[in-house]
Amino acid sequence: MTLLLSVVFSITSVVRAQTFPLVSQAALINVHGTSNVHDWDMKPTKVTGELGLNDSKQITTIAIKVEVKSLKSGNGIMDGKTYDALNYKNNPYIVFVLTDALPGKLSENDTEVTLTGNLSFAGATRKISIKTIGKITKSGDYHLKGSVPLKMTDYKMKPPTAMLGTMKTGDAVTVEFDLTFKR
């Protein structure tokens, strides 16, 4: 009987869970890095994803996918070097899949949420944790904002170089994001 009740309650909670698709045109992602010549930024134009909430409005799932060739810096040579460094032919997407979300209260409207999950790019996958600020808007949409520092070499990626190696990209990058998931 206990097993039957736990199955019924599990099914009920799955049925009530809400899934929100990412509003791709409002997905603001910026990859910021440095080089020995100047700082640089790249922004993707093709981002998809979804977020799932349970009955208590807690995050249960997140999946984000960024098309590597949609990353743009405004410099075609740099873009090409980045695509090659990311091994885009064999790994055309950067993917984050949530494994755990740990909420904490900040204010009545905003919640700090530590998202832990697997980030995959350039042929490597690593578990990362990201502190974010989450909010459910008046229209019922879910908004997430945060940033995470990464090292390219942690993903077996060689930082790009140019001009016969005289221009060198720094290993560290910061990914900033401001995402809205539509109800």
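Throughout this report, a residue is called buried when its relative accessible area is under 20%, exposed when it is over 50%, and partly exposed in between, with a 1.4 Å probe and protein chains only. Helices (H or I, at least four residues) and strands (E, at least two) are DSSP runs, numbered from the N terminus.

The model is a predicted one, in which local features need pLDDT of at least 70 and side-chain atom pairs count only at pLDDT 80 or more, while totals for chains, interfaces and linings use all residues. Residues are numbered from 1 along each chain as its sequence is written, and side-chain values use heavy atoms, with hydrogens and water left out.

## Overall architecture

The protein contains two helices and twelve strands, and from the N terminus on these elements follow the order α-β-β-β-β-β-β-α-β-β-β-β-β-β. Taken along the principal axes, the box filled by the C-alpha atoms is roughly 70 × 35 × 25 Å. Of the 183 residues in the protein, 39% are buried. The accessible surface comes to about 10800 Å², and 56% of this area belongs to carbon and sulfur atoms; such areas come from the Shrake-Rupley method with a 1.4 Å probe, and for residues only the protein chains shown count as cover. Where contact means heavy atoms within 4.5 Å, 57% of the contacts between residues at least 6 apart in sequence join residues at least 24 apart.

## Helix 2 and its surroundings

Which residues of helix 2 are buried? They are M78, D79, T82, Y83 and A85. Seen down the axis of helix 2, these buried residues fall within an arc of 160°, so they line one face of the helix; the arc is that of the directions from the helix axis to the C-beta atoms. On the other side of helix 2, the residues G76, I77 and D84 are exposed. The cover over the buried residues of helix 2 includes strand 3 (40–44) and strand 6.

At the N-terminal end, helix 2 is capped by N75, which has a side-chain oxygen 3.0 Å from the backbone nitrogen of I77. Polar contacts of this kind are pairs of N or O atoms within 3.5 Å; within protein, one must be able to donate a hydrogen and the other to accept it, and residues adjacent in sequence count only if both atoms are side-chain atoms. Just after helix 2 comes N87, which takes a positive phi of about 55° although it is not a glycine. N87 belongs to the loop between helix 2 (76–85) and strand 7 (93–105), and because its relative accessibility is 31%, N87 counts as partly exposed.

K156 counts as exposed because its relative accessibility is 74%.

## Aromatic rings

How many aromatic pairs does a search of the whole structure find? It finds two, listed below. Rings of Phe, Tyr and Trp (its six-membered ring) pair if their centres lie within 6.5 Å, and planes under 30 degrees apart count as stacked, over 60 as edge-to-face and the rest as tilted.

| Pair | Geometry | Centre to centre | Between the planes |
|---|---|---|---|
| Y83 and Y88 | edge-to-face | 6.0 Å | 65° |
| F121 and Y155 | stacked | 4.1 Å | 25° |

S70 is located in the loop between strand 5 (59–67) and strand 6 (71–72), and because its relative accessibility is 2%, S70 counts as buried. The side chain of S70 reaches the backbone oxygen of E67 at 2.7 Å. Leaving aside residues up to four places away in sequence, S70 touches K43, P44, T45 and K46.

E112 is in strand 8 and, at 29% relative accessibility, counts as partly exposed. The C-alpha atoms of E112 and K135 are separated by 8.9 Å, although these residues are 23 residues apart along the chain.
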